Amino acid sequence: MAANSIVVVNHPPLASNNGAGAGAAVDDSHPYPKEQDNVTLNRTLFDELTKQLNRPPLLFGSGTSAMQELWPMEATPRLLAECTSCIRKTSSPWQGWASLLTDSPSHGQELSLGRVANGVNTEGIAYYNCLIDTIIENNLKPFATIFHFDIPLRLEAEYKGFLDKQIRADFRDYARILFWEFGDRVKYWTTINEPWTYSVRNYVSAISPSDDEKRIPPGRSFEQGKSDADKNKTRTAIAKERDHSNDPFVCTRNLLLAHADAVELYRTEFQQYQLGEIGIVLNSHWYEPYNPDDANDVKTAKRAMDFMSGWFLEPVLYGRYPKGMTDSIPADRLVPFSEEEQAKLKGSIDFLGLNYYTSYFAEYDPSPPADEDAYYAFQNMKYHYHDIYGNAAGDPTGADWLLVAPGGLYKHLKQLNADHGNALKPIYITENGMADNDAKQPPFVGCNDTQRVKFHQDHLANLYKAIKDTHVDVRGYFVWSWCDNFEFAAGFTQRFGIMYVDYVNNQKRYPKASALWLGRFLLTPKAPEWPPKSSKRALVDGTGSADKRPKTTS
């Protein structure tokens, strides 16, 4: 049996007592405090816990994105195996709509025709066959992402991509090619990665995931590059000229229905023969009320979750949008699904991928600015990095939007389990990571990523505790990312990898301290004691900040 095979051991499940069974060291329902030292945390603890819950062992790994890597085509499979060998058990999200359906054998560098009827790039097929085979030869499991923002330009130019329902037929044909060519070896498919990012960054923020500051993002309400003057406009200037009150809702609707079409195709024509699973990957921050004693802020934090994760999760679970959105957005904007669409969407995942990075605070705003984008105006909220008492959501990182808040992962999983119960499918944490503070550091400095080591230790500790306390069904944890990459609009200025890439010296790679620790996490026998005993109380917010709320005396 392969080293990374999933084995289900039939043991009696833990009693439903908040996880106070074997191995439980802290009997509370809060995240672990930031001060806790989780250096001795190891995989054996997870294996013992999942065995008691009568579940397969968790899969651990790292993720990457084809459109964010600039390796030579023939080198990528070798580099992937080399860079992940210390992890032993990994996933490798990849994608390539634009690289598989092209009119040129240059692996997606030329204009993509975007349709199967116009031809399939055989070199692209060969590339991914080589990649998949190399992954499997190294005892790794590939998790394949069908769409990760890389829509063929031809489809964008012809009918505005996901702003038109025509995209569904082309997406279905493209998915069919992937299932047919790779489904004999790929057993975990995700249809769309971070649809919230695609909809909001493109059609609300006007920040296309792969565009620089002076390029115009895709959209329906203006003509791309219609004049030299427009070509020089920033995204912000273009955004102010656009009417995007409908665009994000139209885009999301088509993303969801394209997802449902691909799932229906896989389940009816491929799944019974290939025996794989298919799901979707959603990104979501965790939101706390800005003032926990203000009922409006408490409701606003819940509404923030509806507008980010619920916007996509509730349709694939129940065939409808979340109440927090339907109560806030007119039906001519957030168009309800038809009965046929509801039936296709409901239950259209075998698993849920969750990309978690950070947490924020949400404050009720009864009067948003008149020029506020419709998507944000409907939410009636302000976002903060700290609460009303000055408690920060977390420590800063090299990305200004990303604060280290491992307790948010615990709370997010706990809330998902409480809200959806048996309707919730098994969860994989498909991305979790942080950016270094100084992307220009040389290798001998950049590889000493102590903050990232602590980041993953604390997130894994809170993941363990969430499973123990709530029995939420989590099946895997994937680090973002396996190497430093092209981080969309930030380019090479932010480093998320556990492998250092020396961009100025032939892209030579070095394992960072985080990669070495993760290797020990997977291979080290159980430590004598974890969590370590501490006299410090567990902080409710999980950030390690002192609670500055006024104290009362009895």
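Biologist: Which strands does α12 lie across?
Modeller: First, the general idea. Helices (H or I, at least four residues) and strands (E, at least two) are DSSP runs, numbered from the N terminus. Contact means heavy atoms within 4.5 Å. Axes are lines fitted to C-alpha atoms, for helices over the stretch in contact, and angles run from 0 to 180 degrees between N-to-C directions. Here, α12 lies across β5, β7 and β8. Its direction is at about 125° to β7.

Biologist: What should I know about the model itself?
Modeller: It is predicted: local features need pLDDT of at least 70, side-chain atom pairs count only at pLDDT 80 or more, and totals for chains, interfaces and linings use all residues. Residues are numbered from 1 along each chain as its sequence is written, and side-chain values use heavy atoms, with hydrogens and water left out.

Biologist: At what angle does helix α16 run to β5?
Modeller: About 90°. Helix α16 covers residues 406-420 and lies across β5 and β7.

Biologist: In what order do β5, β7 and β8 sit in their sheet?
Modeller: Two strands pair if DSSP finds at least two bridges between them. This open sheet of three strands has the order β5-β7-β8, and its pairing is mixed. β5 (286-289) and β8 (381-384) are the edge strands, each pairing on one side only. From one strand to the next, the twist averages 40°.

Biologist: How many bridges join β5 to β7?
Modeller: Four, and the two strands run parallel. Strand β7 spans residues 359-364.

Biologist: Now back to α12. How far apart are the axes of α10 and α12?
Modeller: They are 11 Å apart, and the helices pack at an angle of about 35°. Helix α10 is residues 247-269, and helix α12 is residues 295-318.

Biologist: Which residues of α10 and α12 meet?
Modeller: From α10 come Pro248, Phe249, Thr252, Leu256 and His259. They meet Trp311, Phe312, Pro315 and Val316 in α12. The contact residues divide into seven nonpolar, two polar and no charged. For these classes, Ala, Val, Leu, Ile, Met, Phe, Trp, Tyr, Cys and Pro count as nonpolar, Asp, Glu, Lys and Arg as charged, and the others, Gly among them, as polar.

Biologist: What is the strand order in the sheet of seven strands?
Modeller: β1-β12-β11-β6-β4-β3-β2, an open sheet with parallel pairing. The edge strands are β1 (59-63) and β2 (143-147), each pairing on one side only. The twist averages 25° from one strand to the next.
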